[in-house]
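Hi,

Here is the structure I promised to send over. Have a look at it first, and then read on for what turned up in it.

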Amino acid sequence: MDGFEPKIHIMPFMNRRPTITDVAKVCGVTAATVSRVLNAKQKFSTSEAVREKILSTARKMGYVPDLAARNLNRQSTHIIGVFSSPRTHIAEGINESILDGIAAVMHPSGYDVFFELSSADSSRSPLPFWRFDGAILLQLPKPEIVTELDRRRVPYVCVNEKVGNPVAHVLADDVMGASRALEHLVQIGHRKIAYANALATYFTHYSVTERYETILGHMKQHGLELVAGHDTPMSSATDYLRMTVQERGATAIITYDHHIAVMLVGAAYRLGIRIPDEFSLICFNDVFPVGLMAPPLTAVTVSGREMGRIGADLLLGNLLAKKSTTMKEIRVPEDLIVRGSTAPPPA
């Protein structure tokens, strides 16, 4: 009968988690039958009524299969791990949109995705105890994770990172982004340009070198030199503005990322320096709160979702092919969003 659901008496389990045996007892079947139904075994058939009873009972009891046991006899787990630095903030920068892109590919393809928050404890195993088919590495994963993935021959893709021996590197085209930022400033008349380099903790990332060297090279092509202070990590935003704008007359600053730009906006307010009346400001990463600043910041932007989608698609293709492929490097284009923080230099 449509809408009919069999009445199931759920036994109390006090303070323990229900087991597959508990589900089997309630349904009047064997634990093997429950296992086959819950794992959707293709070569196993049972009546629709029994199948529905098992699924309904497991749902009401809150039973889920044990991950390690479920994967014990499988060649493929249909599980993908995502790894990053222990210091990574998921809701910050482009990380959230990268994860969104990964999930948009993996979930419709029948893969579960977990994010491993790496421990700083070196005595712990770098990888979780359960099996998984492949991995995606985000920014600054622990070296031990990369080494162990290579040792176990687990295929992985690097997204916004360049380490190890992956199936592919999916990287932002920082040469394109830095070129567009500098060309914009030169076209509206700036000649004294400063670069606020990355914080010291970022200096192992590929983007630090690529952004800096591109800006340095393009300045030379225009017969210009960067204002002093570009070749060391940015530390104090107030001291940096005093040195570059007030003492050396910089009329524009490009920052390595949005964090530094926000710091400079605050320092400019404290020093009474107006943006863009006294200096223009461009940052990398068009993420919160860049567009909400006063004034809203001109920013280099890259689609994190597209990077995640491409990385997941490449990993999925490798898993389905079941053979090693030549390592690829994919560059995702960057663009420049012009807002109120850039204007021609003061007369």
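**Aromatic rings and nonpolar cores**

Phe83, Phe114, Trp130 and Phe132 are joined into a cluster through ring pairs. Before going further, please keep in mind that this is a predicted model.

Across the whole structure, a search turns up 6 aromatic pairs. One of them is Phe83 with Phe114: the ring centres are 6.0 Å apart and the planes sit at 85 degrees, so this pair is edge-to-face. Planes over 60 degrees apart are what counts as edge-to-face. Phe83 belongs to strand β1 (residues 79–83) and Phe114 to strand β2 (residues 112–116), so the pair ties together parts that lie 31 residues apart in sequence. The cut-off for buried is under 20%.

Tyr195 and Tyr212 make another aromatic pair, this one stacked, with 6.0 Å from centre to centre and 25 degrees between the planes. This pair also links distant parts of the chain, since Tyr195 is in strand β6 and Tyr212 in helix α8, 17 residues apart. Tyr195 counts as buried at 0% relative accessibility, and Tyr212 is buried with a relative accessible area of 16%.

There is a charge over a ring as well: Arg211 lies over the face of Tyr256, 4.7 Å from the ring centre.

Now for the nonpolar cores. The largest has 46 residues, and Ile253, Ile254, Leu264, Phe279 and Leu281 are the ones with the most contacts inside it. Elements giving two or more residues to this core include α7 (174–187), β6 (193–196), α8 (206–221), β7 (252–255) and α10 (258–271). Which element gives the most to this core? That is α10, with 6 residues.

Setting aside neighbours within four places in sequence, Leu264 is in contact with Ala196, Ala237, Tyr240, Leu241, Ile253, Thr255 and Leu281.

As general background, nonpolar side chains tend to be buried together in soluble globular proteins.

Cheers

Notes:
Residues numbered from 1 in each chain as written. Predicted model: local features only at pLDDT ≥ 70, side-chain atom pairs only at ≥ 80, totals over all residues. Heavy atoms only, no water. Core = buried A, V, L, I, M, F, W, Y, C linked by side-chain atoms within 4.5 Å. Buried < 20%, exposed > 50% of the residue type's maximum accessible area, 1.4 Å probe, protein only. Helix = DSSP H or I, 4+ residues; strand = E, 2+ residues; numbered from the N terminus. Contact = heavy atoms within 4.5 Å. Phe/Tyr/Trp six-rings, centres within 6.5 Å; stacked < 30°, edge-to-face > 60°. Lys NZ or Arg CZ within 6 Å of the ring centre and 35° of its normal.
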